[in-house]
Amino acid sequence: MREVLDDLMGWWQAGETVGMGTVVATWRSAPRPAGASMLVGPDGTAVGSVSGGCVEGAVYEEAKKVVDTGVPALERYGVSDDDAFAVGLTCGGILDVFVESVSRESFPELGQVGDSVRRHEPVAVVTCVAGPDERVGRRLVVWPDRASGTLGLQRLDDSVSADARGMLAAGRTGILHVGHDGERRGDDLSLFVNALAPAPRMVVFGAIDFAAAVARVGAFLGYRVTVCDARPIFATPKRFPEAHEVVVEWPHRYLQAEVDAGRIDERTALCVLTHDPKFDVPLLEVALRLPVAYVGAMGSRRTHGEREERLREAGLAEGAIARLSSPIGLDLGARTPEETAVSIAAEIIAGRWGGSGERLASIDGPIHRTAER
């Protein structure tokens, strides 16, 4: 939806009805990812793409039919590699496309969605794409702190909102399968969650073996991971294959440049693994003044105490220093880099959702919490 949002909003604001096909699931070598959308405007104009040209003609015709009937449809396109060319899906992949009509009546929340995207505010659009006829096409819009619309039942809305927020926080778009009332073990309903937010960033400072493990876990959790170190002999893509980028630069200079460019936000996690004062103190002077989700620093308790004194000498207030998670991670008894990475990830997750870090078996109350940010 993001790619075609400007055109969609223009027609929507003019009170027009638009046919929209959205890729909701893919298998094998499908050419476009889930979330790719194509519009058919009231004047017959086609905008966007669901397959890079392979099945656009079929989706175009289906979209015109859906606008006429008002009945949404879930279509599957896919063939074997041997006969793909003859049928049209030349890549040989398989994709599911949900085709619906969009208007002020069918999607009253679209204006709010457009505003959120322009403000870089994370928002997820949840659409029922398969299930009973009375549920298909229903929509729920979810923000980190609120929701609008309904899938038809409050219990379902509450359950799906929690899962959608988890996917939104990770920047993940995809299908949820739930029961009629939102039971997580059910598969009565297929709900497409379109997460309209860039993946949150994790910046790992210090090109050490622990950083490789943290980068791997961060990428698994859905973060866009950057590893930064001033030493070019250590900061190489070969040593950090799971990182999305590896940067050779003094950590504090790199972080300040990213802040100035607007690429650090309140979802960003900063993991300082250098445990070298000449690197981490200037870096933490910058980091602890930022409204980011997490700042953690590796080191022993003695190192942490010395680091705190240096930060005070540098002029940081006690409130800023108190935001530092150091020694980094939760107490899991971790020893190896991989185990340490899990403990760091666990602390980040607990901070995001307000978790206590205790065993669930030993505490009462709801398992899932609503995000505060």
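Modeller: This is a predicted model.

Biologist: Which residues of helix 8 and helix 9 make the contact?

Modeller: Helix 8 contributes Pro-277, Asp-280, Val-281, Leu-284 and Glu-285, while helix 9 contributes Arg-307, Arg-310 and Leu-311. By class, this contact has four nonpolar and four charged residues, and no polar ones.

Biologist: Helix 8 also packs with helix 7. What makes helix 7 and helix 8 roughly parallel?

Modeller: The axes of helix 7, residues 251-260, and helix 8, residues 277-287, cross at roughly 20°. Angles under 35 degrees count as roughly parallel, so that term applies to helix 7 and helix 8. Their axes come within 8 Å, and helix 7 passes helix 8 in a right-handed crossing.

Biologist: Which residues make the contact of helix 7 with helix 8?

Modeller: On helix 7 they are Pro-251, His-252, Leu-255 and Gln-256; on helix 8 they are Phe-279, Pro-282, Leu-283, Val-286 and Ala-287. These residues divide into seven nonpolar, two polar and no charged.

Biologist: Let us turn to helix 1 and helix 4. How is their packing described?

Modeller: Helix 1, residues 5-13, packs with helix 4 at an angle of about 145°, and their axes are 11 Å apart. Helix 1 passes helix 4 in a left-handed crossing.

Biologist: Which residues of helix 1 and helix 4 meet?

Modeller: Leu-5, Leu-8, Met-9 and Trp-12 in helix 1 meet Leu-110, Gly-111, Gly-114 and Val-117 in helix 4. The contact has six nonpolar residues, two polar and no charged. Gly counts as polar in this scheme.

Biologist: Leu-110 is one of those residues. How do you know that Leu-110 is buried?

Modeller: Its relative accessible area is 0%. Buried means under 20%, so Leu-110 qualifies. Leu-110 lies in helix 4, residues 110-118. Apart from residues up to four places away in sequence, Leu-110 touches Met-1, Leu-5, Leu-8, Met-9, Trp-12 and Val-102. The C-alpha atoms of Leu-110 and Gln-13 are separated by 9.5 Å, although these residues are 97 apart along the chain.

Biologist: Met-1 is among the residues that Leu-110 touches. Why is Met-1 counted as buried?

Modeller: Its relative accessibility is 7%. That value is under the 20% limit, and therefore Met-1 counts as buried. Met-1 is found in the segment before helix 1. Leaving aside neighbours within four places in sequence, Met-1 is in contact with Leu-8, Met-20, Gly-35, Ser-37, Phe-107, Leu-110, Asn-194 and Leu-196. The C-alpha atoms of Met-1 and Gly-35 lie 6.5 Å from each other, with the two residues 34 apart along the chain.

Biologist: What makes Ser-101 buried at 18% relative accessibility?

Modeller: Buried means under 20%, and so Ser-101, at 18%, counts as buried. Ser-101 lies in strand 5, residues 94-102. Beyond its neighbours within four places in sequence, Ser-101 is in contact with Thr-17, Val-18, Val-66, Val-67, Gly-70 and Ser-106.

Biologist: How much of the chain is made up of buried residues?

Modeller: Buried residues make up 49% of the 373 residues. The accessible surface of the chain comes to about 17,700 Å², and 50% of that belongs to carbon and sulfur atoms. The chain has eleven helices and 15 strands, and its C-alpha trace spans about 70 × 45 × 40 Å along the principal axes.

Biologist: Which peptide bond is cis, and what is its omega?

Modeller: The bond joining Ser-326 and Pro-327 is cis, with omega about -5°. Pro-327 lies in the loop between helix 10 (318-321) and helix 11 (337-353). Most peptide bonds are trans.

Conventions:
Residues numbered from 1 in each chain as written. Predicted model: local features only at pLDDT ≥ 70, side-chain atom pairs only at ≥ 80, totals over all residues. Heavy atoms only, no water. Axes fitted to C-alpha atoms, helices over the stretch in contact; angles between N-to-C directions. Helix = DSSP H or I, 4+ residues; strand = E, 2+ residues; numbered from the N terminus. Parallel < 35°, antiparallel > 145°, perpendicular 65-115°, else oblique. Left-handed = near helix turned anticlockwise from the far one by under 90°. Contact = heavy atoms within 4.5 Å. Buried < 20%, exposed > 50% of the residue type's maximum accessible area, 1.4 Å probe, protein only. Areas by Shrake-Rupley, 256 points an atom, 1.4 Å probe, with all protein chains shown as cover.
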